[in-house]
Amino acid sequence: MQQKKIAFCEKSVKIVSDYTTSSTHIMAEIDEKNENNVPGKYYVDTNCIACGLCMASAPDYFQEDDNGNSYVYNQPTDDEGVEACEAAVEDCPVNAIGNDGE
């Protein structure tokens, strides 16, 4: 199935077109993590398009690096934080946020 997803942020509007999803859902690559991520379950990989959705969904956990890409600067320690980070995972238009880190 093909879907068109639109990512909105204050800085720009980026359109990710003809994004293909399938039963083998593609998620962030743990081997391609942004080097700024703190250790833990959540991370952003190098496929980030700097749309800012994760920072809007979970500002206590995601920040922007010098290149404008997001990374996890704080791992959640409670249910509310986990819920916010899971929302960011779901909202990411390019599946650049992982939740299978160590």
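Strands are DSSP runs of E with at least two residues, numbered from the N terminus, and under that convention S70 lies in strand 5, which spans residues 70-72. The model discussed here is a predicted one. Its chain has 2 helices and 6 strands, which follow one another from the N terminus in the order β-β-β-α-β-β-α-β.

**The chain as a whole**

- Among the contacts in the chain that have a separation of 6 or more, residues 24 or more positions apart account for 56%.

**S70 and its surroundings**

- S70 has a relative accessible area of 1% and is therefore buried, since that category takes in residues under 20%.
- When residues up to four places away in sequence are set aside, S70 touches N34, V44, C48, C54, M55, Q63 and E64.

**The loop between strand 3 and helix 1**

- C51 has its place in the loop that runs between strand 3, residues 43-44, and helix 1, residues 53-57, and this cysteine counts as buried because its relative accessibility is 8%.
- Although C51 and G68 stand 17 residues apart in sequence, the distance from C-alpha to C-alpha is 8.9 Å.
- A50 also lies in the loop between strand 3 and helix 1, and the phi of A50 is near 60°, a positive value in a residue other than glycine.

**The loop between helix 2 and strand 6**

- N95 is found in the loop between helix 2 and strand 6, the latter covering residues 97-98, and with a relative accessibility of 8% N95 counts as buried.
- The phi of N95 is near 55°, again a positive value in a residue other than glycine.
- As background to such backbone angles, most residues other than glycine have a negative phi.

**A charged patch on the surface**

- D60, D78, D79, E80 and E83 together form a negative surface patch.
- One of these patch residues, E83, lies in helix 2, which covers residues 79-91.
- E83 counts as exposed because its relative accessibility is 61%, the cut-off for that category being over 50%.

Terms used:
Residues are numbered from 1 along each chain as its sequence is written. This is a predicted model: local features need pLDDT of at least 70, side-chain atom pairs count only at pLDDT 80 or more; totals for chains, interfaces and linings use all residues. Side-chain values use heavy atoms; hydrogens and water are left out. Patches are made of residues with over 30% relative accessible area and no salt bridge: like charges are joined within 9 Å, nonpolar side chains (Val, Leu, Ile, Met, Phe, Trp, Tyr) within 5 Å. Accessible areas come from the Shrake-Rupley method with a 1.4 Å probe; for residues, only the protein chains shown count as cover. A salt bridge is a side-chain nitrogen of Lys or Arg within 4 Å of a carboxyl oxygen of Asp or Glu. Lys and Arg count as positive and Asp and Glu as negative; His and the chain ends are not counted. The place of a charge is taken as NZ of Lys, CZ of Arg, CG of Asp or CD of Glu. Helices (H or I, at least four residues) and strands (E, at least two) are DSSP runs, numbered from the N terminus. Buried means under 20% relative accessible area, exposed over 50%, partly exposed in between (1.4 Å probe, protein chains only). Contact means heavy atoms within 4.5 Å.
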